[in-house]
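My notes are kept in the order of looking.

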Amino acid sequence: MLNTAFRYFLEVVDSGSLTGAASRLHVAPSAVSRMIRKLEDEYKTLLFERHGRGMVLTEAGEILATSARRGQLEAEHARMDISDLRRVGKRHIRISANQAFGMELLPRLMARFQKTEPDVTFHLTLARATEIHRRIQDGEDDIGLYYSLRPAVDVNLQYSRRMRVLALVKEDHPLARKASISLKDIESYPVGQMSQGTTIRTIVDLCCMQANVALTTVFVSNNVTSLQNFCLEREDVVVFFGELTATSVLRQCGLVALLISDPQLHQRHLQIITMEGREMPNSAKRFLEMTIDHIEHKRDQPWDDPGDRA
């Protein structure tokens, strides 16, 4: 358990002010101020810059906050593991993921996990890759899943796998019967895409530029379900999905996944990360193993390859 000074310090970090921390701790602001001064005297450095808008961490404060947060999390997880051994109370797993995994894959896996471990509860946050990475670094979540075009840094990389980008069309689309398609083939049809800033949009735009392909984008959304539904209503449109996302879409509706021959398009990696230097609670480890096993199993499933329909 963290000592009083560190608990007060983290409350100031979270609330951004002495008065906010004091209110949450139910103590006087002067008591919080004394604890901050005690830590600053101990480390012989300023931990906060005092501004009219509140308390802002210095670089030294950032280092101490990361260390204190890790200690707080380790104590919390020790309590959960002890409860796990005694089968008493709830065990909570916090996960952040992007839409590709958070809207269909993870909720299904969480429900399946709770059938065998009903005491476990989950908190799932959907966010972009940069936010997921920050949440894991700061210890806000136990596990993070996202697509990335770069290696993971300053976190523990638990799993990485290259994921193909697939084109989804309706079954009666002219491209649906082709044995192989390229970005050049897609150029002749209207396209639905994810918003700028997503990894799949970044890699599609980059590859189109390299291949001198000009796509006609007629629909843009930051939601994969919106893209799916748009595709269902237009016989001529093409949308881009990652292969794990496409698996769930194909199960739910009558779309066809087409493999794209441009090799440079398939450079995204699924990455599963955890906080660096932190031991996960046993329940989170078991869920992580289950998730990885599921993804590995999916890679062995046959795709609805257009060559099989030719």
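The entries below cover the sheet, a helix on it and one of its strands.

Entry 1, ground rules. I am working with a predicted model, where local features need pLDDT of at least 70, side-chain atom pairs count only at pLDDT 80 or more, and totals for chains, interfaces and linings use all residues. Residues are numbered from 1 along each chain as its sequence is written, and side-chain values use heavy atoms, without hydrogens and water.

Entry 2, the sheet. I traced an open sheet of five strands with mixed pairing, in the order β9-β8-β10-β7-β11. I took strands as DSSP runs (E, at least two residues) and helices likewise (H or I, at least four), numbered from the N terminus; two strands pair if DSSP finds at least two bridges between them.

I noted five bridges between β8 (residues 190-194) and β9, in the parallel sense. Pro190 has Thr216 as its bridge partner in β9. Helix α9 (residues 199-210) packs on the sheet and touches β7 (165-170), β8, β9 and β10 (238-242); contact means heavy atoms within 4.5 Å.

I checked burial (under 20% relative accessible area; exposed is over 50%, partly exposed in between; 1.4 Å probe, protein chains only). Six of the six residues of β7 are buried, so β7 is largely enclosed by the rest of the structure. Val165, Ala167 and Val169 point one way, and Leu166, Leu168 and Lys170 the other.

Entry 5, partners of β7. β7 runs antiparallel to β10, with four bridges, and Leu166 is paired with Phe241 there. β7 is also antiparallel to β11, over five bridges; Ala167 has Leu258 as its bridge partner in β11.

Terms used: Axes fitted to C-alpha atoms, helices over the stretch in contact; angles between N-to-C directions.
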